[in-house]
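Please look over the sequence and the fold below before reading on. The paragraphs that follow go through helix packing, a strand pair and a few backbone details.

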Amino acid sequence: MFSRAVRPTISLARGLSTSSVNNAKVAVLGASGGIGQPLSLLLKNSPLVSQLSLYDIAHTPGVAADLSHIETRAQVTGYMGADQLDAALQGCDVVVIPAGVPRKPGMTRDDLFNTNATIVATLADACARNCPEAMICVIANPVNSTIPILSEIMKKHGVYNPNRVFGVTTLDIVRSNAFVAELKGLDPARVNVPVIGGHAGKTIIPLISHCTPKVEFPADQLAALTARIQDAGTEVVKAKAGAGSATLSMAYAGARFAFSVLDAMNGKEGVVECAYVRSEETDCKYFSTPLLLGKSGIEKNLGLGKLSAFEEKLVAEALGELKGSIKKGEDFAANFK
C-alpha cells in the first residue's frame with residue numbers, strides 16, 4: 001500500500017509535454033553554474049513555466065540571451081550581481097537554488113559548508129523580503145544544513161512556512177531507480193524507490209523494500225546497492241577527476257522536483273515526491289520522507305512507512321549525523337548578520 005502511494009506522479013517527459021499549461025514565474029539562483037544552466041534549459045522547455053528569472057554573480061545575461069532564443073513560451077530574464085538579486089525574485093512563485101561551489105575530489109558535502117552556508121543565508125534573506133510566499137527548493141549542499149539555515153533566516157523575517165521549504169533530494173531517488181533497474185533488467189522509468197533521511201552519505205536511506213515494482217536482493221547485494229546509492233555523488237566526483245560534481249543528473253532531478261511542485265500548485269492531485277523538510281516523523285527536526293504535494297506546498301507527510309530490519313538500522317545510524325548537521329546550520333543562521 002505504501003509503495004503504491006509513493007509511485008512517481010510526474011516524469012521529466014511529462015514536464016516537457018504541451019498538455020499542461022500554467023502561468024508560473026520561476027527563479028533559478030545560481031543559473032550560470034554547472035547545475036544552473038542545464039536546469040534552466042529544462043525549465044525553459046516546460047509549458048508549466050511562463051516566466052524564467054535567472055540570477056547569478058556572473059554570466060547571467062549571456063545564459064538568458066542564449067535560452068531566450070528557444071521557441072518555447074517562457075520569457076527569460078537575466079539578473080547579475082547582488083544589486084539585482086531583489087529584482088530577480090519579485091513576484092516569483094517558485095525559487096530553485098542550485099547556487100554554491102561544487103565538490104572536488106576528496107571533499108565531503110560538509111567541506112562545502114562555510115562557503116555555501118553564506119550563499120544560502122544571503123539568498124534566503126532576499127527570498128524572505130521579495131517572495132515570502134514562494135515555494136523554495138534548495139539544491140545547494142550540504143542540504144542537511146542549508147535547509148535549517150534557510151528556515152531560520154525566514155523565521156527571522158517572520159515569513160517561515162515549513163510547507164513551502166524543500167531540500168531537493170530527488171537525485172537520490174533518480175539514482176536508486178536507475179541502479180535497481182540496471183540490476184534487475186527493468187525499465188527505469190517504471191521503477192520507484194523512495195529515499196528517506198537526508199542527503200549525504202549514510203543519511204541517504206533508500207527504501208528498497210518499498211520499491212515498485214517489488215524487488216528483492218540477497219543481503220550482501222542489498223548492502224552493496226545501498227552503499228553505492230549513498231556514495232553515488234563521490235562516484236561522479238572521482239570520474240570527473242577534478243572537473244566538477246554531479247551537474248547533469250542533478251539538473252534533471254531538480255527539474256523533476258520543480259515540475260512536481262508546479263503540477264501540484266496547478267491543481268493536479270496525487271503528486272508525491274520525497275524531500276528533506278521540517279518533520280516530526282523522527283527525533284530529527286528535518287527529515288526526508290515521501291510528501292503529498294498540493295496547491296500550498298506540503299499537503300501531507302506520508303511518513304516512513306513500515307521498514308525492514310535493515311532499513312530500521314540505517315535510520316538509527318543516520319540520526320546522530322543528521323542532528324549534528326541540523327544544529328550546525330541553525331547555529332550558523334543564529335550568528336548570520
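Axes here are lines fitted to C-alpha atoms, for helices over the stretch in contact, and angles run from 0 to 180 degrees between N-to-C directions. Helices (H or I, at least four residues) and strands (E, at least two) are DSSP runs, numbered from the N terminus. This is a predicted model, in which local features need pLDDT of at least 70 and side-chain atom pairs count only at pLDDT 80 or more, while totals for chains, interfaces and linings use all residues. Residues are numbered from 1 along each chain as its sequence is written, and side-chain values use heavy atoms, with hydrogens and water left out.

Start with helix α8. The axes of α8 and α9 come within 10 Å and cross at roughly 145°. On the α8 side the contact (heavy atoms within 4.5 Å) is made by Asp-172, Ser-176, Phe-179, Val-180, Glu-182 and Leu-183, and on the α9 side by Gln-221, Leu-225, Arg-228 and Ile-229. By class, this contact has five nonpolar, two polar and three charged residues. Ala, Val, Leu, Ile, Met, Phe, Trp, Tyr, Cys and Pro count as nonpolar, Asp, Glu, Lys and Arg as charged, and the others, Gly among them, as polar.

Helix α8 also packs against helix α11 (residues 248-265), at an angle of about 110° and with the axes 8 Å apart. The two helices are therefore roughly perpendicular to each other; angles of 65 to 115 degrees count as such, those under 35 as roughly parallel, those over 145 as roughly antiparallel and the rest as oblique. The crossing of α8 and α11 is right-handed. Among the residues in contact are Leu-171 and Ile-173 of α8 and Met-250 and Phe-257 of α11.

Ala-178 is also in helix α8.

Helix α10 (residues 232-239) has Ala-232, Gly-233, Thr-234 and Val-237 buried. The cover over these residues includes α8 and α9. In the loop between α10 and α11 lies Ala-241, which has a positive phi of about 50° although it is not a glycine. Ala-241 is exposed, with a relative accessible area of 64%.

Another helix pair is α6 (residues 113-130) and α12 (residues 309-335), whose axes come within 11 Å and cross at roughly 55°. That makes α6 oblique to α12. Phe-113, Ala-117, Thr-118 and Ala-121 in α6 meet Lys-328, Gly-329 and Phe-332 in α12.

Now turn to the strands. Strand β1 (residues 24-29) runs parallel to β2 and is joined to it by six bridges; two strands pair if DSSP finds at least two bridges between them. Lys-25 stands opposite Gln-51 in β2. Strand β2 (residues 49-56) is mostly covered, with seven of its eight residues buried. In the loop between β2 and α4 is His-59, exposed with a relative accessible area of 60%. His-59 has a positive phi of about 70°.

Two peptide bonds remain. A cis bond joins Asn-141 and Pro-142, with omega about -5°, and Pro-142 is in the loop between β5 and α7. The bond from Thr-212 to Pro-213 is cis, with omega near -5°; Pro-213 is found in the loop between β8 and α9.

Definitions and conventions:
Buried < 20%, exposed > 50% of the residue type's maximum accessible area, 1.4 Å probe, protein only. Left-handed = near helix turned anticlockwise from the far one by under 90°.
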